[in-house]
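Hi everyone, thanks for coming. Let me put today's structure up on the screen, and then I'll talk you through it.

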Amino acid sequence: MEPELAVALPAVGAACATAFKPRPRLAFASAAALGVAGVVAVILSRADLTSDQLGIPLTLSPASRAILLAAAAALAILVALPPPRADRSNLLRWGLGGLAGMTAMAAAPSLGLGVIVLLLLLVLQASGTGHRVYANRFRAPALAVVLLALAIALAAMQGPSLLTRLIVVCLVAGLAAALGVLPYMHEFDPDEPTAVSPIPWLAFVGPVLAVVVVGRAEAMVEGAEDAFGALLIGLGLMNIVVATLATWRTSSDAAAWRYSFIADWGLALCGLGLVVPDGVGAALLVFYSILLGRLPLYLWSRQSLREKATTERPINFIVAAALAGSAPFAGFPARILLLRAATSLYWPLALVLALSFLLWLPGSLRLGRTIGAPTGRQLIGVAVALALSVAFGLFPRPLLGLAGL
Amino acid sequence: MSDVAAFTAWLGAATIVLADSRRGLAAGLAILAVGAAGIVWSQGEQGGAIVLLAGGVLASALRFTSGPDGWGLMQPGSTPRLLFVVIVAVVALWVALAATSGGSAGFRFAALTTLVLLGGRLLEAADPVVMPTAVAGVALVLGMVSGDGIVPYAVAALVTAGVSAMPVPAARRPRGT
Amino acid sequence: MPPIALLAPIVLPVAAAAVAAASSRLGDQIARIAAASGAWASLGAVAVLWIAVRSTQELSVGPLGFGVGLDLRLDGIAVVFGVIALVPAALLLTLQERGWQESTVALLAIAAVVLAIESGNMILTAVGGCTAATLAVVQFDIEDVRAARPSWASVIIPWIALAWAGVTLQIESGTAVYAAVPVSALTTQIFGLVAIAALLGAGIVPWRGWAVGMWMRPSLRVASVTAATLLPLSLYLLVRAYELGNGLFPQSWLNLVLAAWGVLVALGSAIRAQAAPSRAEYMAETVQGLAGFALMSIAIGTAVGLFAGLILLGSAALVTAALPLLPDRRGPAALLVAAAAAGIPPGLAFGGRVLGLADAFETGNAFGLVAVAGAATWLVVAAAAARSVGLPAGRRRQASDALALVAAVLGVMVLASGPAVAALASLATDAIAGVMALPIGGLAADPFSIITVSTRLPAAALFGPLLLLGAAAVALSKPGPTTTAAQSRAPLFTVPGIAVLTAMRERLRSLKVPQQYRSLFDPAAMEAVAAGGRPVLWLASLVALAVAVTR
């Protein structure tokens, strides 16, 4: 019953937060309680246990479960230490809605059902009040849904090997379009509320979606695994190079943050494309660092981004180091795992990756400055994010163990 | 039966591509639902077909209640869309009949043609009413291609109806073609 | 001594950093005390751990999750390098005034350096080194964000290279643990990565790199701590490479290349030093010069060469501690430190250089040429030191008389400890024996002489009288107030082609895309296309992906 509850409880929590909007305390209390119960259900969902209470078998894979827990932790941190001007109930509403959708995607027995849930998430997000034109908010994730649906449809047919390769293209392009990485970047408005911006696709829903799509793809791309991996690595490298340079050079600080998420996704895509356990481990560590590091830091930097206030204090430099993936922060073991995976397969790729790691540095210095001079809850939040990053950077084993690696 | 259903599904998707107002879009969604349900029925999933049809019809009814008035079918400037509908049908027919096997040819044709048409519509449209209609159509097709047992069909049907029930903002700018 | 105690030298500075950070509201003085205590405690812990057992101690806590375990190993060579890094760092944290933030970060950097040195495997060393390098950059920015500092990339590259070497070792031999890697696993390629890490980790390059540039900052607090810790840590990697190769590098020409590189570094430094327009710029070159000679000696590949390198590193450590304590004004302190660094007999730097050059001559073949170049370089260093006495200060920095006195004492220590070089050799014998074979009869037969390949060098007998003569000369001299004004001096010589090279470098740096071609690559326009959410681009990408995968 746990997977069903893991989906239902946060969903009901999000619904309560919406329904009780006029009574903020009640909305917050009910949503928080249901959210906590949902997380407990995720924790209790064992990977080797399939639940069939609703007529379909629901299972959470270890990797999905680990990412879900990280996403829940990120949400908890943000709700406990909300960014300036952020409403906790609103954060919970969006966060629990996303969490319910992510859990449903992860637990779904087929990619088709997962994509239907993705479609629902897309519509729910687009229904929020954003600054972008409605159609533009819709377009890229909708394209992702169509491409993934095409992959599923093609996988149901038999045909020449070309067909499998087309499935590969649809899966990878669909994933890229859903995430909003290059070349399928979503339109971005720096002033838009984060919940309805492209950021949740990159930093909240994306990791679970990637784990689900790549996990399900194994059976769909039989015979074209090399092409699948190569395409992921190619897209990953393109995202690393372009997005790290854009993080450094783009004119808007908020856009720089968006590019930095994309650059991290480049690493993750390379890791997923390398298919060996080290590569997958690297991707998972990147996901953790996105969820528990970059996302909260981005949200806490929003106020100073609005005020265009940049500072050069010690905290800014340490944040920059964390964002750059330097030791002892969580990005460094991810890079080591990636280097090992690449070296074991094809060492020139490791050389390219090693050189690309340097591209994070200038952009990260810029991002570090945009965090401003945090005080109060924001300062505690930044300290918590940095401490978590150091802990995972020096001892990532529990995280990888949680994901079954 | 699957061949007729496949043609119906294409017709529904084509109507969504060619329509710009609520009546045309609702009709397209309803026709698509009939086609998708027909395909599912022909695969022996009668329960799933009924659920999918119900979801599609409900979505169609909901679409009928909102959006610009009229049918808006093949308005001036829609020639490229018409060509798109025809070319996609021809190519999908070739792929379904000559290049692929497995399942019925009708299923293959319906899945390919509807997804490509609706995908094209999503990329091209700017109207806030068209987008959810096309997405609802995609949900129907997703139910059709991935259904296995009554629950996935029910989920697809619910999402189809739910998407159409979501409020959409008023159009901010003239419709593009 | 329980193995868990090996964590003490790392944990103690971290704990002190926590105290320094927690005491931020009480003023910087508490943080400074914590910083000094943390550094000295770490040094004390290393000493106690070694003295208590006097043999290698190991601790394996378990896997960390990225393919390496928390393997700590304190052997003789780790103790030597730990002491070389920690003594100046502790001195500097004790004597220099710094804010609580700087103290905290400096302590964490020290802990990272100790972790890298104590690490039992190469990847953990890379983690420690990268942490130390990152924290050095953070310290520089805390100290003075406007002043020139090493670029972050330049200090990170070596540790990424070392991490890559470590993972390659793991793939090829199944482990990156220093004590377990098979000798055959250290290939030329892997060694190349280690050498890159060693050379770039401390900026040991013939041109004026960040290791020299950082000494030109208005404040030398961070530069000194960085040099004190990163220089020994980087050269430590080459010593560990000897251990991996059972006392040898994978190819003998690698020894020659690295030794020649070391001389080039020292020569480059000496050339710049003899042309320095101010004493500050001259002093900036002293540590680099010593590092070049240390590299040359270590790269020779013999126990005597390694010992000479360690002696030179020890000298560099004391000079590094003395440099930031020197006042601007001319005086005995500056003179003593300059003399110590230049290798005036019978100093420690003198002993190290003599041993290194003698060992290179004894090794023969092309190493003889390296030794000749090294000897010539030494002459230039001595001339540059003499010229530096009358140079203008070049910086407006105040230092108290007490600090100047400490700097002078450090200079005297370097100058006076030359006769003890054989005693130091007997102490370091066990450490060196851990990484390479000793000559027959050991390194030092007794605390007074050193055994080389062809002879026995009676260090105490040779250097002792020199020390006495020097002491007598100082005692008989009558120091008086400076009568001559500092003045600009022409370089002793100019190297032909340097001006052309400099001009070419400047021209390369100033190259820009001509105005009429700039529209060809417009990043803003490209960004607008990529981030605009344009379906045409998406469709084109889809087609491109399909073509790429199906061709």
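So, chain C: of its 551 residues, 57% count as buried, where buried is 20 or more other C-beta atoms, placed from the backbone, within 10 Å of a residue's own. This is a predicted model, with local features needing pLDDT of at least 70, side-chain atom pairs counting only at 80 or more, and totals for chains, interfaces and linings using all residues. Residues are numbered from 1 along each chain as its sequence is written, while chains are lettered from A and ligands numbered from 1 in the order they are written.

How does chain C's radius of gyration fit a compact globule? It agrees, because 551 residues would give near 24 Å and chain C has 25 Å. That radius is taken over C-alpha atoms, and the globule rule is 2.2 Å times the number of residues to the power 0.38. The C-alpha atoms fill a box of roughly 90 × 60 × 55 Å along the principal axes.

Chain C has 21 helices and four strands; these are DSSP runs, H or I of at least four residues for helices, E of at least two for strands, numbered from the N terminus.

Definitions and conventions. A residue is buried if 20 or more other C-beta atoms lie within 10 Å of its own, exposed if 12 or fewer, and partly exposed in between; C-beta atoms are placed from the backbone.
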